[in-house]
Structure formats: structure tokens, C-alpha cells
Amino acid sequence: MTTQIKSIEEYKEHYQRSIENPEKYWEEQARHFYWYEPFERVCEWNFTEPSVKWFLGGKTNITVNCIDRHLATKANQKAIIWEANMPDEEVVSLTYQELHDEVCKCANGLKEIGVQKGDRVVFYMPMVPELAIGVLACARIGAVHSVVFAGFSAQALADRVDDAQANVIICSDFNNRGMKCIPVKQVVDDAMDISCNSVKNVIVYRNTGEEINWSDDTDIDWADLMEKQEPICEPEIMDSEDLLFILYTSGSTGKPKGVVHTVGGYMVYTCYSFKNVFQYKEGDVYWCTADIGWITGHSYIVYGPLLAGATTMMYEGVPTCPDAGRFWAICEKHRVNQFYTAPTAIRALMAQGNEWPGKYDLSSLKVLGSVGEPINEEAWHWYDQYIGKGKAPIVDTWWQTETGGIMLSPLPGITDTKPTYASYPLPGIQPVLVDNEGNLKEGNNVEGLLCIKHPWPSMIRTTYGDHERCKSVYFSLFKNMYFTGDGARRDDQGRIRVIGRVDDVINVSGHRMGTAEVENAINEHPNVIESAVVGYPHDIKGQGIYAFVITQDKELDLEFKDEICAVVRKEIGPIAKPDKIQFTSGLPKTRSGKIMRRILRKIACNEMDQLGDISTLLNPDIVKELIQNRNK
Ligand code: PRX
């Protein structure tokens with residue numbers, strides 16, 4: 001399904017064709033899928049409104065392409081292999097036939113409780129096969145899934161449920177992560193107490209079977225619901241542009257926004273990019289360590305691999321449990337061929353010592369992937385040397401929740417690789433660098449803001465319930481371009497290196513976080529008057545969270561800092577907890593009252609020689625105090 005590029009000549013030829021005639025190129029790719037009714041037009045777009053439509057008039061169902069289509073040849077091939085939290089627990093695998101049956105049962109179960117096409121279903125679950133089954137079951141019946149990472153707090157979950165106006169939440173009782181057992185259903189109960197008025201039912205998958213609170217009015221046991229269902233469910237016939245899912249992600253202002261992806265374009269592009277970036281071959285075992293709560297899990301654990309008929313692995317636990325060799329033990333045990341992880345995990349494992357990977361047979365690895373944040377040179381070389389033994393090309397893949405699929409990446413064994421460079425655009429992707437005014441920065445050896453010129457099939461369609469926001473964030477700054485929010489440089493060979501965000505978004509352990517969100521959370525503390533949050537370089541996490549806080553009537557001690565962290569945990573979740581807190585009597589502001597984050601960033605990063613001109617500040621004296629009390 002879809003083309004697999006096999007040589008540098010083919011890449012160049014495909015790229016050229018995809019740019020000269022994008023519609024023809026994507027028509028060819030889309031033809032490989034099953035459509036109930038063929039599409040009448042390939043693409044209609046206008047970046048001003050914005051309005052982007054792909055494969056117009058086409059009718060399909062993504063699960064038919066993920067599952068049913070493979071049954072003739074792959075019914076007994078493993079679709080999903082699940083590795084549990086602890087190494088001595090049993091491996092669960094599902095063949096394509098078994099996956100089909102489970103997805104159909106779940107789809108019928110959802111229908112039985114009244115879920116219909118277009119309804120929103122929120123998932124708040126650990127990495128268990130039932131999460132993939134549930135997501136696909138939604139797609140089967142045309143319900144819109146919105147997976148919320150199970151590390152978010154009750155408040156953050158409630159915010160997302162409310163925004164999506166979801167009818168159903170699907171969760172587990174508990175979540176096993178390393179040595180911890182996290183009470184998931186309790187968080188859902190708390191979210192329901194906060195708001196979630198649209199929710200009629202909570203389906204609970206008994207993961208550990210431990211005692212939980214139960215409400216007969218709303219709660220339904222997953223096993224009870226599934227038990228009585230038929231393993232056949234006619235797929236809902238979906239229009240190409242019907243909603244497939246909403247995934248919330250952070251921006252520079254306000255609450256997280258619901259990025260909307262639709263069926264047809266997302267299907268074509270995730271399959272295409274998966275096959276090409278990972279060079280997946282029949283019989284390979286592919287493992288992406290991401291969580292399905294993020295876009296990487298959606299596109300490259302569930303949809304991309306299944307569309308391509310691959311065997312995709314899911315892992316419930318953490319990289320360091322029971323020890324720092326776990327990832328490598330899993331690679332050896334399942335003879336993993338393509339391994340895809342985040343730089344933060346590589347750095348954390350690298351810090352545990354080179355002996356860990358040395359204990360395992362990693363000879364099956366053919367391709368190593370990196371995603372989510374810039375990979376530093378040291379981590380790149382370690383990954384290459386200790387994991388790939390110099391023989392498995394590293395694909396540093398740059399993309400975003402909004403792009404739906406990988407945009408920039410080397411093609412392993414086909415294009416060259418260079419540490420820290422995501423390198424080359426996939427066919428159909430037209431990246432450009434611009435200056436602050438939107439002027440193109442052409443030629444090589446230049447730096448600029450990364451934008452994309454032409455639409456691609458899996459791009460964001462809207463932000464749920466607020467199209468204006470989609471327009472203003474991505475399409476208003478520069479005319480006729482999608483603005484990524486990232487800064488990048490192009491080297492002398494035309495390879496692109498993505499440097500990082502140029503807006504008020506930080507990337508902590510590969511998790512995207514809006515500084516405004518963290519500030520709003522900190523400000524919930526009754527003794528906090530104002531706060532400002534910036535990122536600073538962190539050895540393992542990539543970026544750490546540095547908070548400057550103005551307070552009143554309280555002793556500035558460790559206990560207060562703990563309270564602030566607790567508020568952030570409650571409002572967002574542990575991933576947003578500040579690494580450093582500095583109490584201050586003021587923040588540097590412009591005469592119009594805007595916080596000068598640039599100065600705070602320099603102080604947090606200890607780059608005092610780069611503070612620039614501070615004389616125009618409303619309160620230049622505060623800078624001295626901030627420097628003096630800097631939290632080292
Ligand atoms: O800043 C870029 C960074 O992650 C952002 C997107 O985050 P999210 O939507 O959560 O998606 C992450 C997984 C696709 C981007 O704007 N980013 C992602 N991949 C890379 C990267 N930065 C540098 N190199 C990468 N390979």
C-alpha cells in the first residue's frame with residue numbers, strides 16, 4: 001500500500017514530481033487504498049480562511065484499510081504485540097483477525113450505549129492493547145476519538161472533555177508504570193466532579209482489578225460490555241473530510257487547543273510516511289516507544305503501521321524499569337527491526353552507562369528513529385554507536401501534532417544522515433525559511449522561521465470549536481503559508497536542522513508545554529501575585545521549566561515551592577512541574593506592561609552577557625535583583 005521509495009534517484013524523482021504536480025502525486029498514492037466511492041477531486045485549499053480539503057467526495061473507513069483489507073493475506077500475522085510493564089508478565093499479541101474481532105466487538109459495544117457517528121469519545125488510559133482497540137472502534141463507527149495522556153490531572157482532563165463535549169470517557173482502573181500503580185479511574189471520578197457534564201458513561205477497563213469507586217449510573221465495565229458483542233461490525237461509511245480525531249496540544253496562549261484531523265488525508269499520509277521513513281519490510285517488527293496520548297502514538301503506533309500491514313509493538317512501562325536495559329531487552333526479545341523513541345529517553349539511558357545496551361543482542365535493529373525535540377550531537381552519536389552499532393541509520397524525524405505525519409526526515413539507507421539534522425522534506429512537503437516579515441530566505445547556510453508552502457494530506461483542518469484560533473496561530477502571520485512555530489537553519493547541502501520553538505512554547509522531555517498554561521496554574525496559588533515561566537537547557541529533559549514568581553504574605557521557603565509545584569500538578573499534571581522557582585519582587589516589563597520574557601530567558605539560561613538593551617524597561621532595576629537571586 002502506497003509507494004516505497006528505494007533509492008536516492010527515486011527520492012529525487014518522487015520529490016520533483018510531488019512538487020510539480022502535487023495533486024497527481026497524491027492521487028497516485030491514495031489510489032492504493034480502499035474507497036467505497038472514489039474521490040472526485042484531490043485537493044482544494046485556501047490558506048486565508050483557512051480551508052484545506054483532500055480527496056473530496058471520497059468515501060472510506062480507515063479501519064477497513066487498517067484491518068479488513070489485510071485479512072485476505074495477513075489474518076494470522078501479528079498486528080499488535082504488547083509488552084507488559086514487568087518483564088516476567090505475559091506478552092499479549094493480536095493477529096489481524098483477532099484485532100478485527102476485538103475492534104468490531106468494541107464498536108458494537110459503543111453503539112449499544114448510544115455512541116453515534118460524530119460523537120466524541122475521550123480516552124484516558126495506559127498503554128494497553130485495549131486503548132488501540134478502543135480508538136479503532138471509534139473510527140469504525142465514525143465516532144471522534146480524543147485521547148488524553150494519562151499523566152494529565154483531573155482538571156486538565158475535565159478541560160479537554162468539556163471542550164470536546166464528549167459523551168463517553170474510556171479509562172482503566174489503574175495504570176502500571178514502573179514500580180508505580182497510578183489510580184486512573186479516580187482521576188476520571190475527580191474530573192467528573194469538576195465538570196464533564198456532557199459525559200453520560202464511563203467505560204472502565206479492569207487493568208489491575210484493584211478496588212475502585214463505582215457509580216451504577218454512569219460506569220460500565222469494559223469486559224461486561226464486550227462479552228455480549230458480535231465480532232462483526234459494518235464500518236460506517238465516512239467522507240474523506242469527516243473528523244477522525246481531536247488531539248489537544250499546547251500553544252503559546254490560553255488553554256490547549258484541539259487539533260482536528262480528518263479521515264482521508266490522514267490515512268494516506270500516515271501510511272505513506274510510515275512505509276518510507278522506516279523502510280518497513282514484510283515480516284519486520286516495528287516498535288515506537290511513544291504514548292498513544294501524543295500524536296506520535298496515533299500516527300506511528302496505531303494508524304501508520306496498521307495501514308501498512310505491519311507488526312507494531314506497544315509497551316506499557318517505562319524505559320528504566322526494572323533497570324536501564326529494559327528497552328534493549330525488549331528489542332532483543334522481540335527481534336525489533338525499527339525502533340523509534342525520543343531524545344529525552346536516549347539521554348536518560350545514556351546517563352545510566354554504556355554497559356546497558358552491551359548486555360543485549362541488538363543485531364536485529366535496522367532503523368533508529370528520533371522524534372519530539374531536537375536531538376543533541378552527543379545523544380545522536382551514542383544512539384548510533386551503542387544501539388545501532390554504526391549500522392542502523394538514524395532518522396531524526398521532525399513534525400508536529402498539527403502536521404499529522406513526519407515532514408522532515410532522512411530516508412534510511414537512501415539519503416545521508418547528519419547529527420542533529422532532520423534533513424530532507426518527504427515528497428509533497430515544501431518547507432521554506434522566512435524572516436520576521438515573511439520574506440523568503442533562499443539559498444543555503446541561512447536561518448529563519450520554518451513555514452510550509454503547499455498543503456499536504458494530513459495537515460490540521462481546524463482547532464475544534466474555534467476556527468479563528470487555527471487561522472490566527474498558523475495562517476495569519478505569513479500569507480499563504482503554514483507557520484510551524486519553529487526556527488530552523490539550512491546547511492550548505494540544503495539539509496534542515498530544526499532548532500526549537502520561537503514562540504512561548506517549551507519542550508520538556510519531548511512534551512510540548514505552553515508557558516502561559518504553567519503560569520496560569522502557578523497563579524492559582526492564593527499567595528502568588530504574578531508569575532512568568534521560561535525554558536532553560538536541561539541535560540536530560542532537553543528543556544527544564546524555570547518559574548519567576550511574585551508573592552505576597554508568605555515565607556519564601558522550600559515549603560512554598562512545594563505548594564506551587566502541587567498546584568501545577570493539580571492543574572496540569574506532574575509533567576508541568578517547575579524544575580526551578582525563583583521568588584522575585586518584580587518582573588521586567590515594557591512600558592505597556594508586557595513581560596519581557598527574552599530577558600528572563602537569558603537569566604534562566606545564565607547568558608547575562610546577552611541581556612541586550614534594558615534601558616527601555618519600565619523597571620530596569622529589577623534585572624539586577626533577578627540576576628543576583630538566580631536559581632542555579
Ligand atoms: O519544536 C518542534 C519539536 O516538537 C514540536 C511539536 O510537538 P508535538 O506537536 O508535541 O509533536 C511532537 C511529535 C511529533 C515541534 O514544533 N520537534 C518535534 N520533532 C522534532 C522537534 N524538534 C527538533 N527535531 C525534531 N526531530
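Which strand does Asp221 lie in? Select it and see: the residue belongs to strand β12, which covers residues 219-221. Keep in mind throughout that this is a predicted model.

**Stop 1: Asp221 and its partners**

With Asp221 still selected, show the side chain of Arg206 as well. The two side chains are joined by a polar contact of 3.0 Å. Asp221 counts as buried because its relative accessibility is 13%, under the 20% limit for that label. Beyond its sequence neighbours up to four places away, Asp221 touches Val204, Arg206 and Trp214.

**Stop 2: Ile203 in strand β11**

Next, select Ile203, which is found in strand β11 (residues 201-205). Is Ile203 buried or exposed? It is buried, at 1% relative accessibility. Not counting residues up to four places away in sequence, Ile203 touches Leu110, Ile113, Val168, Ile169, Ile170, Cys171, Ile220, Trp222 and Leu225. For a sense of scale, draw a distance from the C-alpha of Ile203 to that of Val549: the two atoms are separated by 41 Å, and the residues are 346 apart along the chain.

**Stop 3**

In soluble globular proteins, nonpolar side chains tend to be buried together. Here the largest nonpolar core has 117 residues, and Ile62, Leu99, Phe278 and Tyr303 are the ones that touch the most other members. Then centre on Leu99. Leaving aside neighbours within four places in sequence, Leu99 is in contact with Ile67, Ala79, Ile80, Leu94, Ile133, Leu136 and Leu306. There is also a second, separate core of 45 residues, which includes Phe149, Ala150, Ile169 and Trp294.

**Stop 3: aromatic rings**

Now show the aromatic side chains; the model holds 45 aromatic pairs. One of them is formed by Phe278 and Tyr340, an edge-to-face pair with 4.7 Å centre to centre and 65° between the planes. This pair links distant parts of the chain, with Phe278 in helix α10 and Tyr340 in strand β18 (residues 338-341), 62 residues apart. Both Phe278 and Tyr340 are buried.

For a cluster linked by ring pairs, select Trp287, Tyr315, Phe327, Trp328, Phe339, Trp382, Tyr383 and Tyr386. Two charged side chains are worth a look as well: Arg160 lies over the face of Phe152, 4.2 Å from the ring centre, and Lys554 lies over the face of Phe560, at 5.3 Å.

**Stop 4**

**Stop 5: the ligand**

Asp486 places a polar side-chain atom 2.6 Å from an oxygen atom of the ligand. Arg512 has a side-chain N or O atom 2.7 Å from an oxygen atom of the ligand. At Glu373, a polar backbone atom is 3.4 Å from a nitrogen atom of the ligand.

**Stop 7**

Select Ser240, in the loop between β13 (238-239) and β14. Ser240 is buried, with a relative accessible area of 0%. Apart from neighbours within four places in sequence, Ser240 is in contact with Trp35, Trp54, Phe55, Gly58, Thr262, Val263 and Gly264.

Most residues other than glycine have a negative phi, and most peptide bonds are trans. The remaining picks depart from that pattern:

- Glu49 and Pro50 are joined by a cis peptide bond, with omega about -15°; Pro50 is in the loop between β1 (41-46) and β2 (51-56).
- Cys321 to Pro322 is a cis peptide bond with omega near 0°, and Pro322 lies in the loop between β17 (311-315) and α12 (326-334).
- Gln279 has a positive phi near 45°, lies in the loop between α10 and β16 (285-288), and is buried at 10% relative accessible area.
- Arg335 has a positive phi of about 50°, sits in the loop between α12 and β18, and is partly exposed at 37%.

Methods:
Residues are numbered from 1 along each chain as its sequence is written. This is a predicted model: local features need pLDDT of at least 70, side-chain atom pairs count only at pLDDT 80 or more; totals for chains, interfaces and linings use all residues. Side-chain values use heavy atoms; hydrogens and water are left out. Helices (H or I, at least four residues) and strands (E, at least two) are DSSP runs, numbered from the N terminus. Buried means under 20% relative accessible area, exposed over 50%, partly exposed in between (1.4 Å probe, protein chains only). A polar contact is a pair of N or O atoms within 3.5 Å; within protein, one must be able to donate a hydrogen and the other to accept it, and residues adjacent in sequence count only if both atoms are side-chain atoms. Contact means heavy atoms within 4.5 Å. A nonpolar core is a set of buried Ala, Val, Leu, Ile, Met, Phe, Trp, Tyr and Cys residues joined through side-chain atoms within 4.5 Å. Rings of Phe, Tyr and Trp (its six-membered ring) pair if their centres lie within 6.5 Å; planes under 30 degrees apart count as stacked, over 60 as edge-to-face and the rest as tilted. A charge sits over a ring if NZ of Lys or CZ of Arg is within 6 Å of the ring centre and within 35 degrees of the ring normal.
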